[in-house]
Amino acid sequence: MATTTSMASFSYNRKSTAPLIRLLSILFAASVIYGEPPSVVPSACKRAYGVGGGSFTEEFCLSALTGHSVGAADNADLALFTVDLAAANATATEAKIDSLLGGSGAASEGLRSCRALYDAAVHVYLPDSHAAVKDGKYVDAKLYLSKTAQVPVECERWFKQRNMASPIDREDDNLAKLANLAIALTSIA
């Protein structure tokens, strides 16, 4: 008889604990979500898009910053993070140009021109932008970032003037958008 009672008791507890476990799981998940600080990215992207002059989309901003800018407390933090993204993009593009320069032909001249432009972005404009944003010198940061935004424009111009396809057009487009996004974020910091 004791075995039957314990089985009945066990069966009863099992049925009542399943909903309790589900409820606790939901409460735990809600507390984790609720306990996280709200992301500054959506509102920053909306505001940056508004001042960005159409040089990037709100979706571009969201895709560049969402999930990658953990710990950003404000627009200045996001601007600094975006400068770092632009630096990574420019550095990778510089390496791609170096790998493409192995050949000869008409495109090599354009790539050499682009390489010089990217060298200035990687070694001068973006480090100066980073330091200026970090120090809260936003006017200076926007000046350096504007120079960075011109790098891909000048690079692409060389190829367009010769009716040639640019081998780095996607990279140029990304750098232009990142530099302009950083300018916009700096403007609202």
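**Entry 1. Salt bridges overall**

I searched the whole structure and found seven salt bridges; the term denotes a side-chain nitrogen of Lys or Arg within 4 Å of a carboxyl oxygen of Asp or Glu. I note that this is a predicted model, in which local features need pLDDT of at least 70 and side-chain atom pairs count only at pLDDT 80 or more, while totals for chains, interfaces and linings use all residues. Residues are numbered from 1 along each chain as its sequence is written, and side-chain values use heavy atoms, with hydrogens and water left out.

**Entry 2. E94 and R115**

I looked up the pair E94 and R115, which forms a salt bridge with its closest N and O atoms 2.6 Å apart. Helices here are DSSP runs of H or I with at least four residues, numbered from the N terminus.

I then checked accessibility, for which buried means under 20% relative accessible area, exposed over 50%, and partly exposed in between, with a 1.4 Å probe and protein chains only. E94 is buried at 7%, whereas R115 is partly exposed at 23%. I also recorded that E94 and R115 are linked with D98 and D119 in a network of salt bridges.

**Entry 3. D173 and K177**

In helix α7, I examined D173 and K177, which are four residues apart and therefore separated by about one helical turn. Their side chains meet in a salt bridge with an N to O distance of 3.1 Å. I noted D173 as partly exposed at 37% relative accessibility and K177 as partly exposed at 24%.

**Entry 4. T186**

Where does T186 lie? I placed T186 in helix α7, which covers residues 169-187. Is T186 buried or exposed? I found T186 to be buried, with a relative accessible area of 2%. I then listed its contacts (heavy atoms within 4.5 Å). Setting aside neighbours within four places in sequence, T186 is in contact with A79, V133, Y138, A141, K142 and L145.

How values were computed:
Helix = DSSP H or I, 4+ residues; strand = E, 2+ residues; numbered from the N terminus.
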